[in-house]
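Here are my notes on this entry, point by point. Please read them with the structure open.

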Amino acid sequence: MSGSTQQPTTPVVTDAGGDDAAKLPDTRDNRWGDAFQRVVSGGWAVSLGAVVLAVLAGSIMIAFTDEGVQEASSYFFARPGDTLAAIGQAVGGAYAALFRGAVYDFRADDFATGIRPLTQSLTYATPLIAAGLGVALAFRAGMFNIGGLGQMLAAAAGAGWVGFAFDLPPGVHLVVALVVGILAGALWAGIAGLLKATTGAHEVIVTIMLNYVAFYLLSYLLATPGLLQAPGSANPKTPRMKDTAVLPDLLGPRYALHLGFLLALVAVVVVWWLLNRSSAGFAFRAIGENPHAARVAGIHVPRTTVLAMVTSGALIGLAGSTQVLGLITTGFGSDIDAGIGFDAITVALLGGSNPVGVLFASLLFGAFKAGGSAMQASQRIPIEIVLVVQSLIVLFIAAPPLVRAVFRLPQPDRKRPPRRRPDAATTQDTATTQDTTTAVER
Amino acid sequence: MTTLAPVPDQAVVEHRHVTVVSWKATIGFGIVTVLFALLLLLAPRAGNAAFRLATEGDLFTLPDLSVPGMATAWVCVAIMAGLVGVVAALSARGRKVPLWVPVLFAVVFLFGFLAWAAAGSDRDVPFVRLIGGSVLLAVPIVFGALGGVIGERAGVVNIAIEGQLLAGAFTAAVVGSITDSPWLGLLAAIVSGVLVAAVLALFAIKYRVNQVIVGVVLNVLVIGLTSFFYSQVLVPSAEQLNDTTRFDRIAIPVLSKIPVIGPALFNQTVVVYLMYVAVPAVWFALSRTRWGLRVRAVGEHPKAADTVGIKVERTRWRAVLIAGGVAGVGGAFYTVVSVSSFGKEMTAGAGFIALAAVIFGNWDPIRAALAALLFGFASNLEGALSIVGAPVPSQFMLMLPYVVTILAVAGLVGRSRAPAAAGQPYVKE
């Protein structure tokens, strides 16, 4: 991905030749780059291993808490087969339900019904794609945007307000609502960017705090008549969106999939172009890799920081806007975020912070979400198992050495793998430590 | 003299001190004062504000304090303005602002705010309950913040405080219910806090994964795990697994009879008294013991620490595990002190407020604990204001800690400096 962008990183690379240039204070921000590099370079084997491990852990949790398994395990030593059968039934049933809920319901009567779960997965994936792109873009600029929640809420408030309070011609209304929502998200993230650029406030803390500020601000707006609250109602909820502001359904009224999905796909292309083909994207990646080198190269670091954060917020704003204009059009409350702001982080990490990776990670997590609901409904397995599996996947992917150790894969991180030594006779006996010392002596 | 002009000039150059005068604190305090004065100007409220100070069983009964609301508020503005002057004078001389100035500023501001809010109301402000409730609300935040301070001073950023609190609350509920003993519940909470910390340390120290990423993911993991087991295991058999015996309140003989602060501070449970001990203990351990010196050394400059023979990774591991245990105590508060059962995501972001308190308290245990108290007070104020029918929407009171933290992080309120090596894994050469 970053093959064409080696220019700004060259000073780092030469420093790193001496192994630990990381002690220098000015390379401090580089640890983000390192971490994401590690996530990206994990490779397919590690990704697959991480998914397998996480699903295995989920299976164990399901098996342990299943009533049938508990019953059968009370006479485990008499008939161990029963316990194993019960485990198989519990876990198999759970994953079958997950598949039926996420991809294709093979028990349905006709194809149109059977394919419905797949469209549901795509619907759930829509905000994850947009928000995941936002987080990924911030990652590439060396920043960690944990403020997805706040930016989603700001965007939902903006888009929703235009959506129900104004009367505009069809088409124009939708566009204005979307733009206002996106701008609101951008503005909310921009606060964090501006504070980082001007005062050096760490964006992690500021965005976390802005999440809460946005939440309480929205709660206030929703609870106050005349602002966002539906007239004549005591509930903290907005009125329903006007029909002119609602995103049209893609596959007809039978499915929930709306135009937002296409917008998210467009966003993938735009972000890919922005990061890899535009000068703004080059500046983003440059300050992400090494802000000092970027400054020497003539990039205005504070301005780029704000711009990157604003763009990130705009993408998350798109997620918030499509939620209120596409999925939940009957009016929303302060729970409109539904965990997407935080899921976006895991999506961006899993997708290796590149647009296409984010797309696939979002589709996977969207499927998990859709399938998890179905699993909860039919197998009475709490949907939170999905959270566990998702977070374990990311945790394992972030630590490739652990996954490699579990599956006994080769460790490419080693400075000197024994295989590289040509003369086999001497390497047979020497330990790796001696190996490096001889290398130094030469 | 004039002929020797160059000589003294050179001498002046030799002795000149270069002091960086920071006006950020002055500006920050000034902004708060001006905003408060504007509030009084734009929304004046007539009438008296009454504070109920007495509770039953005091050594001597204080009369209710009734003051003219607006006049009191303006006096508070004057005192605040005076404190801004003090801060400005200290900053101009390049001196540090001592701790009592911001503490006094906060107390005066809050008192003035209460006087304004309660003016003209026919209900009293329940002062004792307000303070007692604030202390209680602050308990998990204080323990979380102490855990955060220990971890960050050792160079490991702990975003997973929320997860440690939640894990502590969950295990305290389960173990406390099974054994029917709050003490064992507390112990279990400590163990689970250490376990979460061990995962953090494994990934952050051993595998050198970005610490913020591990922390964020760990929070999600713990939320997922506890919610899953709550729905799947605790709800079906709530009586056996999710019904704890809580700690009893213990009134300390003489101290609890002192008016106002007695019933608020000294008629509490063991966990609260543990907090009174823990704050100075952590301060002492970090700043006056050999262990503390080593912890701070690996957090500020791990390479230097390594050079003099301190085992960086081992020191960090220990510090992170201890920090997890401390945060776990805070988690126990939810299920063996506050209420007697666990609920989904019951910590509700306290871990993040604790993180804010760490930063607001400038990575110092005592300041962080004071910040946590302030946040506890701000969240408790909402209840008191709704009693007197104040015109401030509760959401804005709840928002206050977070806004204050943003200001603090932006450097408007004093200077905040993280330990130099916080967040950086140490790679030995």
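**Notes on the predicted model**

1. With 12 C-beta neighbours inside 10 Å, Asp180(B) counts as exposed, because the limit for that class is 12 or fewer. This is a predicted model, so the class rests on predicted coordinates. Asp180(B) sits in the loop between α6 (161-179) and α7 (182-206) of chain B. Its phi is positive, about 65°, although Asp180(B) is not a glycine.

2. Chain A has a residue of this kind to check as well. Phi of Ala338(A) is near 50°, again a positive value in a residue other than glycine. Ala338(A) belongs to the loop between α14 (301-327) and α15 (340-350) of chain A.

3. Confidence in chain A needs a comment. The average pLDDT of chain A is 80, and 83% of the residues score at least 70. Residues 1-28 of chain A stay under 50 in pLDDT. For that stretch the model has 29 contacts beyond four places in sequence. Residues 414-442 of chain A are also below 50. This second stretch has 9 contacts in the model beyond near neighbours in sequence. Where pLDDT is low, the predicted coordinates should not be read in detail.

4. Now the contact between the chains. It takes 44 residues from chain A and 38 residues from chain B. On the side of chain B that touches chain A, α8 (211-234), α15 (350-360) and α17 (394-409) of chain B each supply at least two residues. Which helix gives the most to this side? It is α8(B), with 14 residues. By class, this side of chain B has 26 nonpolar, 10 polar and 2 charged residues.

5. Chain B has an open sheet of 3 strands, with mixed pairing and the order β2-β1-β3. The edge strands are β2 (65-68) and β3 (125-126) of chain B, and each pairs on one side only. Strand β1 (residues 48-52) of chain B runs antiparallel to β2(B), and 4 bridges join the two. Within this pair, Ala49(B) stands opposite Val67(B) in β2(B).

6. A helix packs on this sheet: α3 (residues 69-92) of chain B. Helix α3 touches β1 and β2 of chain B. The direction of α3 makes about 80° with that of β2(B).

Terms used. Residues numbered from 1 in each chain as written. Chains lettered and ligands numbered in written order. Predicted model: local features only at pLDDT ≥ 70, side-chain atom pairs only at ≥ 80, totals over all residues. Buried ≥ 20, exposed ≤ 12 C-beta atoms within 10 Å, placed from the backbone. pLDDT = per-residue confidence, 0-100. Contact = placed C-beta atoms within 7 Å. Nonpolar A, V, L, I, M, F, W, Y, C, P; charged D, E, K, R; others polar. Pairing = 2+ DSSP bridges. Axes fitted to C-alpha atoms, helices over the stretch in contact; angles between N-to-C directions.
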